[in-house]
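Student: I am new to this structure. Could we go through it in short steps?

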Amino acid sequence: MHKFANPARFMRLSNIILPWTAAITVVLFGLGLYYSLVLAPEDYQMGNTYRIMFIHVPAAYMAQFGYAAIAVSSAVGFIWKHPLADQAARATAPMGAAFTALALLTGSLWGKPMWGTYWIWDARLTSMLILLFIYLGYIAVWQTIEDQARAAKIAAIVAMVGLINVIIIKFSVDWWNTLHQPATLMRMDGPTIGGDMLAALLLMIAAFNMFFITILLWRIQSLILRRRIRSLRMQIGGGQG
Amino acid sequence: MPEFANVFANIFENANDIYILSSYGAGVVVLIGLFVTSWRTKKKDESDLRTLEKRLRDLSDKQV
C-alpha cells in the first residue's frame, strides 16, 4: 500500500486518471440533471418541490462520506504514518465543509415549503450543523498549528472523535422523533422510491462522487506541490545563508 | 427540444419555484466555487514550483 503512497507515483497516476474522472463527472451531471428536471415525474403530494432532493441528498451524502474518508485517512496516517494519508484527509476537509453547508442550505429551502419553517432544532438538522462545526474545527487545526507533524496528529484525533457524530447523523431519524423523513435509499427493505426518481437520485449521487474524486485529486496534488515548494525554499534559503 | 423547454418551464411556474431555483443555484455556486478555487490553487502552486526550481538551477550554475 505504501508503494502507491509515493508522492511522485501519486502525481503520475493522478495525472492519468484526472481527465477521465473529469469527463465522467460532466457526463453524469448532464444525465443527472436531465433525469432530475425532465424525466423524473412530478410527485403526487409535493409537486415539483421534491426536486430539491436531487441536490440535497447527494450533498448530505457527500458531507458524511467526506467525513468518514477523513477519519479513515487520519487513522491510517496516525497509526501507520502513511505519507499521503494526512494530506488526503486535509484536502478533503474544505470539500466536506462545503457539501455540509450545501446540505443545510438546501434542507432549509426544502423545510420552508414542506414544514413551514427554514430551521428547527431537530436531531438530524442539529447533528448536521454540528458536523459543519467539526469540519471548521478540523480545518482550523491545520491552519493554526505551524508544525505540520503536530497539526496532523491533533487533526487526526479531532477527526476520529468527530466520527461519532456521523453515526449520530445516520441513526438520528431512527433514535429520535424528528421532522426529517427516514432513510430513502439505504434501507434493509430497499429504497422507498423507484423508476426515474430513483435513477435521477442515483445519477446525481454518482455525479457528486465523481466530482469529489476529481477535486480531491487536484487538492492532494496541490498539497504535494506545496511540500516540495517548502523544501525548495529551505534549500534556497540555506544556500544563500 | 421544445418538450424539454416546456417541462423545464412547468417546473418553475408555481409558488415554490423560488425554493427549487435557489437550491439548484446554491448547488451550482458550491460546485463551481470548489472547482475554480482548487484549479487556481493548483495552477499557482505549479507556477511557484517552476519559479523556485529555476532559481535553484540558477544558484547552482553560479556556484559552479
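The questions below go from the whole chains to single residues.

Student: What kind of model is this, and how are its parts numbered?

Tutor: This is a predicted model, in which local features need pLDDT of at least 70, side-chain atom pairs count only at pLDDT 80 or more, and totals for chains, interfaces and linings use all residues. Side-chain values use heavy atoms, without hydrogens and water, chains are lettered from A and ligands numbered from 1 in the order written, and residues are numbered from 1 along each chain as its sequence is written.

Student: What share of the residues in chain B score at least 70?

Tutor: The score here is pLDDT, the predictor's confidence in each residue, from 0 to 100. Where pLDDT is low, the predicted coordinates should not be read in detail. Chain B averages 82. The share scoring at least 70 is 75%.

Student: How many helices and strands does chain A have?

Tutor: Helices (H or I, at least four residues) and strands (E, at least two) are DSSP runs, numbered from the N terminus. Along the sequence, chain A reads α-α-α-α-α-α. The count is 6 helices and 0 strands.

Student: What percentage of chain A is buried?

Tutor: Buried means under 20% relative accessible area, exposed over 50%, and partly exposed in between (1.4 Å probe, protein chains only). Chain A has 241 residues. Its C-alpha trace spans about 75 × 35 × 30 Å along the principal axes. The buried share of its residues is 51%.

Student: What is the buried share in chain B?

Tutor: Chain B has 64 residues. The accessible surface of chain B is about 4,400 Å², with 62% from carbon and sulfur atoms (Shrake-Rupley method, 1.4 Å probe). Its buried residues make up 25%.

Student: Which residues in chain A lose the most area to chain B?

Tutor: Buried area is the accessible area (1.4 Å probe) that two parts lose on being put together, summed over both. Between chain A and chain B it is about 3,300 Å², and carbon and sulfur atoms give 75% of that. Three residues together make up 20% of what the chain A side buries. They are A:Leu37, A:Trp218 and A:Ile236.

Student: Is A:Thr92 buried or exposed?

Tutor: A:Thr92 sits in helix 3 (residues 85-115) of chain A. Beyond its neighbours within four places in sequence, A:Thr92 contacts A:Gly66, A:Ile70, A:Phe212 and A:Leu216. Its relative accessibility is 2%, so A:Thr92 counts as buried.

Student: Which residues does A:Ala60 touch, leaving out those up to four places away in sequence?

Tutor: A:Ala60 belongs to helix 2 (residues 53-80) of chain A. A:Ala60 counts as buried because its relative accessibility is 14%. The residues touched are A:Ala103 and A:Met128.

Student: Where in chain A is A:Ala71, and what does A:Ala71 touch?

Tutor: A:Ala71 lies in helix 2. A:Ala71 is buried, because its relative accessible area is 4%. Residues up to four places away in sequence are not counted. The partners are A:Ala159, A:Met160 and A:Leu163.

Student: Why is A:Leu136 called partly exposed?

Tutor: A:Leu136 is in helix 4 (residues 123-144) of chain A. A:Leu136 and A:Pro94 are 42 residues apart in sequence, and 8.2 Å apart from C-alpha to C-alpha. A:Leu136 is called partly exposed because its relative accessible area is 44%.

Terms used:
Contact = heavy atoms within 4.5 Å.
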